[in-house]
2 protein chains.
Amino acid sequence: MMAPMARAATTSDVFNAIAEPQRREILLLLRAGERPVTELAQELGMTQPGASKHLRVLREVGLVRDRKAGKQRLYGLDARGLRPVHEWTGGFERFWNESFDRLDAYVQDIKQARQEGRN
Amino acid sequence: MMAPMARAATTSDVFNAIAEPQRREILLLLRAGERPVTELAQELGMTQPGASKHLRVLREVGLVRDRKAGKQRLYGLDARGLRPVHEWTGGFERFWNESFDRLDAYVQDIKQARQEGRN
DNA sequence: CCATCATATGCCGATATCGGCATGCGTCAA
DNA sequence: TTGACGCATGCCGATATCGGCATATGATGG
């Protein structure tokens with residue numbers, strides 16, 4: 001009687017919000033300062049509704065804020081939500097900094113074994 | 001005549017791969033060392049097929065590697081793919097470290113305005 | 001060879017996602 | 001007031017996603 005769940009809502013999680021390439025590009029652009037929707041859409045080659053929808057997601061996870069400026073609505077970056085992601089990935093830093101000579105060799109072995117196995 | 005696209009394939013992008021909470025938990029667990037599938041499933045409270053599927057995604061984006069160990073198959077962490085994510089978010093570091101006094105005040109204003117507007 | 005354990009895969013249902021399009025809504029200027 | 005502009009929203013279609021379940025595949029040991 002329980003309905004199966006699908007994917008976690010993109011709107012509830014920063015990790016999901018930045019999983020979208022276009023949303024990442026929006027964030028990159030906003031580092032240069034506030035922008036109205038239309039300008040973002042134009043610079044990123046997407047439609048205005050498309051931009052608005054992505055901005056809505058980013059707003060709901062708190063990565064952007066919006067401000068009315070006359071007829072326009074300016075979107076600005078609020079990068080604080082990216083900090084947890086940075087820290088989470090940072091928790092793996094020692095695993096890519098440590099001596100991976102053995103790992104590298106291992107990976108090579110795997111690739112070779114696969115090639116041999118498939119031919 | 002072109003079929004519309006939906007979401008980018010989760011299998012092609014590390015950002016998408018780590019958008020899934022359970023997959024993130026798998027990666028965290030694997031920091032402690034290699035593990036067979038069943039053990040992972042058990043420790044994370046998911047079914048074996050569920051674990052296998054998530055591991056498949058992680059493998060396809062290169063975040064884990066697998067190694068046959070007799071009857072079992074051991075999965076191990078390969079965190080190098082997380083480095084780009086760490087660096088990407090790091091590109092926003094100055095935006096959460098810089099003086100955000102004005103931003104904080106601004107955000108407070110927004111919240112207050114919303115509350116007043118809605119009550 | 002056969003049974004068994006470990007894992008992968010296939011199918012299903014429910015839902016989320018994304019792009020495109022049309023349209024609603026609010027704001028400004030004449 | 002009436003357009004015109006800027007933006008948000010709603011609907012649609014195609015597809016991806018995730019969990020659950022059954023089952024296939026694979027290796028091991030007797």
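Q: What share of the 119 residues in chain A is buried?
A: Buried means under 20% relative accessible area, exposed means over 50%, and partly exposed lies in between, with a 1.4 Å probe and protein chains only. In chain A, 43% of the 119 residues are buried. This is a predicted model, where local features need pLDDT of at least 70, side-chain atom pairs count only at pLDDT 80 or more, and totals for chains, interfaces and linings use all residues. Residues are numbered from 1 along each chain as its sequence is written, chains are lettered from A and ligands numbered from 1 in the order in which they are written, and side-chain values use heavy atoms, with hydrogens and water left out.

Q: How many helices and strands does chain A have?
A: Helices (H or I, at least four residues) and strands (E, at least two) are DSSP runs, numbered from the N terminus. Chain A has seven helices and three strands. Read from the N terminus, their order is α-α-β-α-α-β-β-α-α-α.

Q: What is the strand order of the open sheet?
A: Two strands pair if DSSP finds at least two bridges between them. The three strands of chain A form an open sheet in the order 1-3-2, and the pairing is antiparallel. Strand 1 (35-36) and strand 2 (64-69) of chain A are the edge strands, each pairing on one side only.

Q: How many bridges join strand 3 of chain A to strand 1, and how many to strand 2?
A: Strand 3 (residues 72-77) of chain A is joined to strand 1 by two bridges, with Pro36(A) opposite Leu74(A). Strand 2 and strand 3 of chain A pair over six bridges, and here Arg65(A) stands opposite Gly76(A). The hairpin of strands 2 and 3 of chain A has two residues between the strands, and Gly70(A) takes a positive phi near 65° there.

Q: Which helix lies across strand 2 and strand 3 of chain A?
A: Axes are lines fitted to C-alpha atoms, for helices over the stretch in contact (heavy atoms within 4.5 Å). Angles run from 0 to 180 degrees between N-to-C directions. Helix 4 (residues 48-60) of chain A lies across both strands, at about 115° to strand 2.

Q: How many aromatic pairs does the structure hold?
A: A pair of aromatic rings is described by the distance of the centres and the angle of the planes. Rings of Phe, Tyr and Trp (its six-membered ring) pair if their centres lie within 6.5 Å; planes under 30 degrees apart count as stacked, over 60 as edge-to-face and the rest as tilted. Over all chains there are five such pairs. Phe15(A) and Trp88(A) make an edge-to-face pair, 5.8 Å centre to centre with 85° between the planes.

Q: Why does the pair of Phe15(A) and Trp88(A) tie together parts that are apart in sequence?
A: Phe15(A) belongs to helix 1 (residues 14-17) and Trp88(A) to helix 5 (residues 82-90) of chain A, so the pair links parts 73 residues apart in sequence. Trp88(A) also forms a tilted pair with Phe92(A), at 4.8 Å centre to centre and 55° between the planes. Phe92(A) counts as buried because its relative accessibility is 0%.

Q: Which charged residue sits over the ring of Phe92(A)?
A: A charge sits over a ring if NZ of Lys or CZ of Arg is within 6 Å of the ring centre and within 35 degrees of the ring normal. Arg31(B) has its charged end over the ring of Phe92(A), 5.1 Å from the centre. Arg24(B) lies over the face of Phe15(A), 3.8 Å from the ring centre.
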